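Biologist: I have a model open and want to learn how to read it. Can we go through it feature by feature?

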Amino acid sequence: MKSFLLSLISFDGRIGRRRFAFNIAITWLPLIALALLGDSGARPPSWVGAIIVIIGIPVLIFFMVGTVASYTKRCHDLGWSGMRIFFNLIPFVGPITNIFIIFSSGQKKANEWGEPPTRF
């Protein structure tokens, strides 16, 4: 389990389209669960809110690092530097870049970031 979680936040190597989608889903699930827990509709006692905040900070950090690491490894699979994820911050260019990152097939041969990912 430890190596799986470390692989989610590692910036090394390459990942394919399926693994990318899986990694994004895994990093988003705790954040969604925490949001649903915090927005249950009833007014919880104040100690529940404190626990949600204490748990929420590490979950938010895991979410941010995991998402950036997954995008970086996906860029590596396409033969790009991981710095290209900053194109996502440019209006109108970001969504096009996202579509390209998600749907493009990676390089078939080894590149400077490693061998092609195995099938997932």
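Biologist: Which residues make the nonpolar surface patch?

Modeller: This is a predicted model, so some cut-offs come first: local features need pLDDT of at least 70, side-chain atom pairs count only at pLDDT 80 or more, and totals for chains, interfaces and linings use all residues. Residues are numbered from 1 along each chain as its sequence is written, and side-chain values use heavy atoms, with hydrogens and water left out. Now the general idea. Patches are made of residues with over 30% relative accessible area and no salt bridge; like charges are joined within 9 Å, and nonpolar side chains (Val, Leu, Ile, Met, Phe, Trp, Tyr) within 5 Å. A salt bridge is a side-chain nitrogen of Lys or Arg within 4 Å of a carboxyl oxygen of Asp or Glu. Accessible areas come from the Shrake-Rupley method with a 1.4 Å probe; for residues, only the protein chains shown count as cover. Here the patch covers about 820 Å². Its members are Leu6, Ile9, Phe11, Val53, Ile57, Leu60, Ile61, Met64, Val65 and Val68.

Biologist: Which helix gives the most to the nonpolar patch?

Modeller: Helices (H or I, at least four residues) and strands (E, at least two) are DSSP runs, numbered from the N terminus. H3 gives the most, with seven residues. Helix H1 (2-9) and helix H3 (46-77) each supply at least two.

Biologist: Leu6 sits in helix H1. How accessible is Leu6?

Modeller: Buried means under 20% relative accessible area, exposed over 50%, partly exposed in between (1.4 Å probe, protein chains only). Leu6 has a relative accessible area of 47%, so Leu6 is partly exposed.

Biologist: What span does H3 reach from its first C-alpha to its last?

Modeller: The expected span of a helix is 1.5 Å times one less than its number of residues. H3 has 32 residues and reaches 46 Å, close to the 46 Å expected at 1.5 Å a residue.

Biologist: Where does the kink in H3 lie?

Modeller: The bend at a residue is the angle between axes fitted to the seven residues ending there and the seven starting there. In H3, a kink of about 30° lies at Gly56, shortly before the proline Pro58. After H3 comes Gly79, with a positive phi near 90°.

Biologist: What is the phi of Phe92?

Modeller: Most residues other than glycine have a negative phi. Phe92 has a positive one, near 70°. Phe92 lies in the loop between H3 and helix H4 (93-103). Its relative accessibility is 74%, so Phe92 counts as exposed.

Biologist: Thr97 is in helix H4. Is Thr97 buried or exposed?

Modeller: Thr97 counts as buried, because its relative accessibility is 8%. Contact means heavy atoms within 4.5 Å. Leaving aside neighbours within four places in sequence, Thr97 is in contact with Arg84, Phe87 and Asn88.

Biologist: Which residues does Pro116 touch?

Modeller: Pro116 is in the segment after H4. Not counting residues up to four places away in sequence, Pro116 touches Arg14, Gln107, Lys108, Lys109 and Ala110. Pro116 is partly exposed, with a relative accessible area of 28%.

Biologist: Now the whole chain. How many helices and strands does the chain have?

Modeller: There are four helices and zero strands. The C-alpha trace spans about 55 × 35 × 20 Å along its principal axes. Of the 120 residues, 29% count as buried. The accessible surface comes to about 8,100 Å², and 72% of that belongs to carbon and sulfur atoms.
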